[in-house]
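Here is a friendly briefing on the model shown below. Please keep the viewer open while you read, as the notes move from the overall fold to individual side chains.

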Amino acid sequence: MARSESRPVVTLRSTAGTGQTYVTRKSRRNSPDRLVLRKYDAAAGEHVLFREER
């Protein structure tokens with residue numbers, strides 16, 4: 001199945017300042033704004049907000 005431009009790969013970076021990242025895909029049609037998810041940051045040892053970086 002071909003990769004499409006409607007679901008690009010985005011990088012999520014921790015707001016705790018540890019440099020931890022996650023990679024995911026998102027739908028541009030359903031969420032055109034920057035993605036913010038609460039994920040586990042192993043360096044911080046807790047769940048923190050991860051924001052989409054461009």
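The protein has 0 helices and 4 strands, where helices (H or I, at least four residues) and strands (E, at least two) are DSSP runs numbered from the N terminus. Along the sequence, the pattern reads β-β-β-β. This is a predicted model, in which local features need pLDDT of at least 70 and side-chain atom pairs count only at pLDDT 80 or more, while totals for chains, interfaces and linings use all residues. Residues are numbered from 1 along each chain as its sequence is written, and side-chain values use heavy atoms, with hydrogens and water left out.

**Overall dimensions and surface**

- Taken along the principal axes, the C-alpha atoms fill a box of roughly 35 × 20 × 15 Å.
- The accessible surface comes to about 4,200 Å², and 46% of that belongs to carbon and sulfur atoms; areas come from the Shrake-Rupley method with a 1.4 Å probe, and for residues only the protein chains shown count as cover.
- Of the 54 residues in the protein, 20% are buried; buried means under 20% relative accessible area, exposed over 50%, and partly exposed in between (1.4 Å probe, protein chains only).
- Taking contacts (heavy atoms within 4.5 Å) between residues at least 6 apart in sequence, 30% join residues at least 24 apart.

**Charges**

- There are 12 positive and 6 negative side chains, and the centres of the two sets lie 6 Å apart.
- For this count, Lys and Arg are positive and Asp and Glu negative, with His and the chain ends not counted.
- Each charge is placed at NZ of Lys, CZ of Arg, CG of Asp or CD of Glu.

**Salt bridges**

- The structure holds 2 salt bridges, each being a side-chain nitrogen of Lys or Arg within 4 Å of a carboxyl oxygen of Asp or Glu.
- One of them brings together the side chains of Glu53 and Arg13, at 2.8 Å from N to O.
- This pair links distant parts of the chain, with Glu53 in strand β4 (residues 46-53) and Arg13 in strand β1 (residues 9-14), 40 residues apart.
- Glu53 is partly exposed, at a relative accessible area of 33%.
- Lys26 and Glu52 also meet in a salt bridge through their side chains, at 2.9 Å from N to O.
- Here too the pair links distant parts of the chain: Lys26 sits in the loop between β2 (21-25) and β3 (36-41), Glu52 lies in strand β4, and 26 residues separate them.
- Both Lys26 and Glu52 are buried.

**Around Arg13**

- Arg13 counts as partly exposed, with 33% relative accessibility.
- Leaving aside neighbours within four places in sequence, Arg13 is in contact with Gly19, Gln20, Thr21, Leu49, Phe50, Arg51 and Glu53.
- The side chains of Arg13 and Glu53 are also joined by a polar contact of 2.8 Å; such a contact is a pair of N or O atoms within 3.5 Å, where within protein one must be able to donate a hydrogen and the other to accept it, and residues adjacent in sequence count only if both atoms are side-chain atoms.
- The Arg13 side chain reaches the backbone oxygen of Gly19 at 3.4 Å.
- From C-alpha to C-alpha, Arg13 and Leu35 are 11 Å apart in space, and they are 22 residues apart in sequence.

**Around Ser27**

- Ser27 lies in the loop between β2 and β3.
- With a relative accessible area of 13%, Ser27 is buried.
- Beyond its neighbours within four places in sequence, Ser27 is in contact with Ser6 and Arg7.
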